[in-house]
Amino acid sequence: MDIKHSARGDLTIDLLAPDGSAYPLLTAKESDDSANLAAPHTVNASGEAANGVWRLRVQDVYRATDSGYVDSWQLVF
């Protein structure tokens, strides 16, 4: 996952399964004011069907005036 953002600690990131289940990948930490996030994240979704549309939900929970974008992400089973 590669996300460009001025303060990565503002971000909460969830992997959303086809059935709507949310798997937390990152919880916001206001004390982390470093920029950008480029790291793999692992989640145990073995109980989910692999088929269907998987989504990544990224939310800035502290500063609505910040901006950023998801540069890339991939899902590997």
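Guide: We begin with what a strand is, namely a DSSP run of type E with at least two residues, numbered from the N terminus. In this predicted model, Asp33 lies in the loop between β3 (22-26) and β4 (37-38).

Visitor: Why is Asp33 called exposed?

Guide: The word exposed is kept for a relative accessible area over 50%, and because Asp33 has 62% relative accessibility, Asp33 counts as exposed.

Visitor: Which residues is Asp33 in contact with, leaving aside its neighbours within four places in sequence?

Guide: With those neighbours set aside, Asp33 is in contact with Ser6 and Ala7, where contact requires heavy atoms within 4.5 Å.

Visitor: What makes β3 and β5 edge strands?

Guide: The open sheet has 3 strands in the order β3-β2-β5, with antiparallel pairing. In it β3 and β5 (55-60) each have a single partner strand, so one side of each is left without a neighbour in the sheet. From one strand to the next, the twist averages 25 degrees.

Visitor: How do you know that β2 and β3 pair?

Guide: Pairing needs at least two bridges found by DSSP, and strand β2 (residues 11-16) is joined to β3 over 4 bridges in the antiparallel sense, so the two strands count as paired. Leu16 stands opposite Ala22 in β3.

Visitor: Why is Phe77 described as exposed?

Guide: The relative accessible area of Phe77 is 64%, and the cut-off is over 50%, so Phe77 is exposed. Phe77 also belongs to a nonpolar surface patch with Val58, Val70, Trp73 and Leu75, which together have about 430 Å² of accessible area.

Key
Residues are numbered from 1 along each chain as its sequence is written. This is a predicted model: local features need pLDDT of at least 70, side-chain atom pairs count only at pLDDT 80 or more; totals for chains, interfaces and linings use all residues. Side-chain values use heavy atoms; hydrogens and water are left out. Buried means under 20% relative accessible area, exposed over 50%, partly exposed in between (1.4 Å probe, protein chains only). Patches are made of residues with over 30% relative accessible area and no salt bridge: like charges are joined within 9 Å, nonpolar side chains (Val, Leu, Ile, Met, Phe, Trp, Tyr) within 5 Å. Accessible areas come from the Shrake-Rupley method with a 1.4 Å probe; for residues, only the protein chains shown count as cover. A salt bridge is a side-chain nitrogen of Lys or Arg within 4 Å of a carboxyl oxygen of Asp or Glu. Axes are lines fitted to C-alpha atoms, for helices over the stretch in contact, and angles run from 0 to 180 degrees between N-to-C directions.
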